[in-house]
Amino acid sequence: MKRTILGLLVLGSLALAQADGAKLYAQCAGCHQATGQGLPGAFPPLAGHVSEILNLKGGREYLILVLLNGLQGQIEVKGMKYNGAMPTYGQLKDEEIAALLNHISTAWGDDKKVKGFKPFTADEVKALRSKKLTPQQVLEERKKIGLK
C-alpha cells in the first residue's frame, strides 16, 4: 500500500514537472488566436498549416527553428501573404518548446493528417538549439523545405 501511494506521488510530481503546451500557447494565442486560425492578413493560421509543414522533409526541424530563432519576412499560407515578424521563444526550456510544438501539432487535429506523427521531444530541440539563426535565415530555411 505504501509503495502504491509513493508511486502515485512520484507519477503526480512528474506530471506536474512536465511542461504544459496548452498553457505555453497562451503566449501565442494573441496573434494566432486560441483556435489556431490566426488573423487573415496579419498573423498566419497554425491550424491546418502545421500538418502541411510536418509532411515536408525537414518540416519538424523547421518548426523547432522557428520557435528557437523567430521568423521574419514575407510568407504565404493557404494563398494569403503575411509579412511580419514572429519573435523568438529561445528563452523557453527545451521541454517547453517540445510541449508547445506538441500542442500546436495536436490541438486542431493536425497530427491526424501526418503519417506516422511522433510527438516532439526535448532532445530534438536541444539538438537544434546550437544552430543559431537570424529570423531572416529561418525564412530561408522555410524556402528550402518548399514553402513560400
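Predicted model: local features only at pLDDT ≥ 70, side-chain atom pairs only at ≥ 80, totals over all residues.
Is R129 buried, partly exposed or exposed? R129 is partly exposed, at 23% relative accessible area. Residues are numbered from 1 along each chain as its sequence is written, and side-chain values use heavy atoms, with hydrogens and water left out.

Start with helix α4. Helices here are DSSP runs of H or I with at least four residues, strands are runs of E with at least two, and both are numbered from the N terminus. Helix α4 spans residues 59–69. Of its 11 residues, 10 are buried, so the helix is mostly covered. The buried set includes G59, R60 and Y62. It also includes L63, I64, L65, V66, L67, L68 and N69. What do these residues pack against? Their partners are α3 (49–54), β1 (71–77), β2 (80–86), α5 (94–106), α6 (122–129) and α7 (135–144). Contact means heavy atoms within 4.5 Å. Just after α4 comes G70, with a positive phi of about 85°.

Stay with R60. Its side chain meets that of E124 in a salt bridge, 2.7 Å from N to O. R60 lies in helix α4 and E124 in helix α6, so the pair ties together parts that are 64 residues apart in sequence. A salt bridge needs a side-chain nitrogen of Lys or Arg within 4 Å of a carboxyl oxygen of Asp or Glu. R60 is buried at 14% relative accessible area. E124 is partly exposed at 23%. The charged end of R60 sits over the ring of F120, 4.2 Å from its centre. That term requires NZ of Lys or CZ of Arg within 6 Å of the ring centre and within 35 degrees of the ring normal.

How many salt bridges does the whole structure hold? The search finds 7. Another of them joins R129 to D94, with the closest N and O atoms 2.7 Å apart. R129 lies in helix α6 and D94 in helix α5, so this pair ties together parts that are 35 residues apart in sequence. D94 is buried, at 14% relative accessibility. R129, as the opening said, is partly exposed.

A further salt bridge stays within one helix. The side chains of K144 and E141 meet at 3.1 Å, N to O. Both residues belong to helix α7, 3 residues apart, so about one helical turn separates them. An α-helix has 3.6 residues a turn, so residues three or four places apart point the same way.

Now the aromatic rings. The count comes to 1 aromatic pair. Y25 and W108 form this pair, edge-to-face, at 5.5 Å centre to centre with 70° between the planes. Rings of Phe, Tyr and Trp (its six-membered ring) pair if their centres lie within 6.5 Å; planes under 30 degrees apart count as stacked, over 60 as edge-to-face and the rest as tilted. The pair links distant parts of the chain, 83 residues apart. Y25 is in helix α2 (residues 21–32), and W108 is in the loop between α5 and α6. Y25 is buried at 4% relative accessibility. W108 is partly exposed at 21%.

The loop between α5 and α6 also holds V114. V114 is buried, at 11% relative accessibility. Which residues does V114 touch, not counting those up to four places away in sequence? They are S51, L54 and N55. V114 and L54 are 60 residues apart in sequence, yet 6.7 Å apart in space, C-alpha to C-alpha.

Two backbone positions complete the tour. Most residues other than glycine have a negative phi. Q33 is not a glycine, and its phi is positive, near 70°. Q33 is found in the loop between α2 and α3 and is partly exposed, at 25% relative accessible area. K78 is not a glycine either, and has a positive phi of about 50°. K78 sits in the loop between β1 and β2 and is exposed, at 51% relative accessibility.

Notes:
Buried < 20%, exposed > 50% of the residue type's maximum accessible area, 1.4 Å probe, protein only.
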